[in-house]
Amino acid sequence: QVLLVESGGGLVQPGGSLRLSCAASGSMFGIYAMGWHRQAPGKQRELVAWITKTGNAHHAHSMKGRFTISRDNAKKEVYLQMTSLQPEDTAVYYCNQGVPISDDTYSPSHWGQGTQVTVSS
């Protein structure tokens with residue numbers, strides 16, 4: 001059983017930055033892709049970014065240049081650095097673990113509980 005625990009969410013002003021972290025349990029972290037999704041109130045959950053086991057990162061088009069996913073296999077952690085945050089980035093952010101389906105798509109199979117990010121002045 002994989003346990004994913006997110007941290008780092010909170011309240012930030014527009015234009016600010018946050019770094020989300022996700023710690024994973026289990027010994028198989030290094031063989032899986034990892035990702036972040038988010039869900040805003042009243043909206044569907046959407047993919048933010050995912051990263052292969054070897055560190056090849058993929059970001060949603062609307063977040064390229066502002067969000068950066070990274071991972072540390074030795075620590076069994078994945079991160080999401082978010083900059084230039086805007087109110088529309090307000091959402092619950094979920095860490096997940098899964099497998100690549102193709103060079104561009106990813107299928108998560110395990111999810112964390114989520115961490116709230118609120119962007120407001």
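**View 1. Ser84 in the loop between strand 8 and strand 9.** Ser84 lies in the loop that links strand 8 to strand 9 (91-100). Helices (H or I, at least four residues) and strands (E, at least two) are DSSP runs numbered from the N terminus. This is a predicted model, in which local features need pLDDT of at least 70 and side-chain atom pairs count only at pLDDT 80 or more, while totals for chains, interfaces and linings use all residues. Residues are numbered from 1 along each chain as its sequence is written, and side-chain values use heavy atoms, with hydrogens and water left out. Ser84, a residue other than glycine, has a positive phi near 50°. Most residues other than glycine have a negative phi. With a relative accessible area of 37%, Ser84 is partly exposed; this term covers the range between buried (under 20%) and exposed (over 50%), for a 1.4 Å probe and protein chains only.

**View 2. Lys76 in the loop between strand 7 and strand 8.** Lys76 is located in the loop between strand 7 and strand 8 (77-82). Although Lys76 is not a glycine, its phi is positive, at about 60°. Lys76 is partly exposed, and its relative accessible area is 27%.

View 3. The strands are arranged in the order 1-3-8-7, with antiparallel pairing; two strands pair if DSSP finds at least two bridges between them. Strand 1 (4-7) and strand 7 (67-72) stand at the edges with a single partner strand each, so one side of each has no neighbour in the sheet.

**View 4. Pairing of strand 1 with strand 3.** Four bridges join strand 1 and strand 3 (residues 18-24) in the antiparallel sense. Leu4 stands opposite Ala24 of strand 3.
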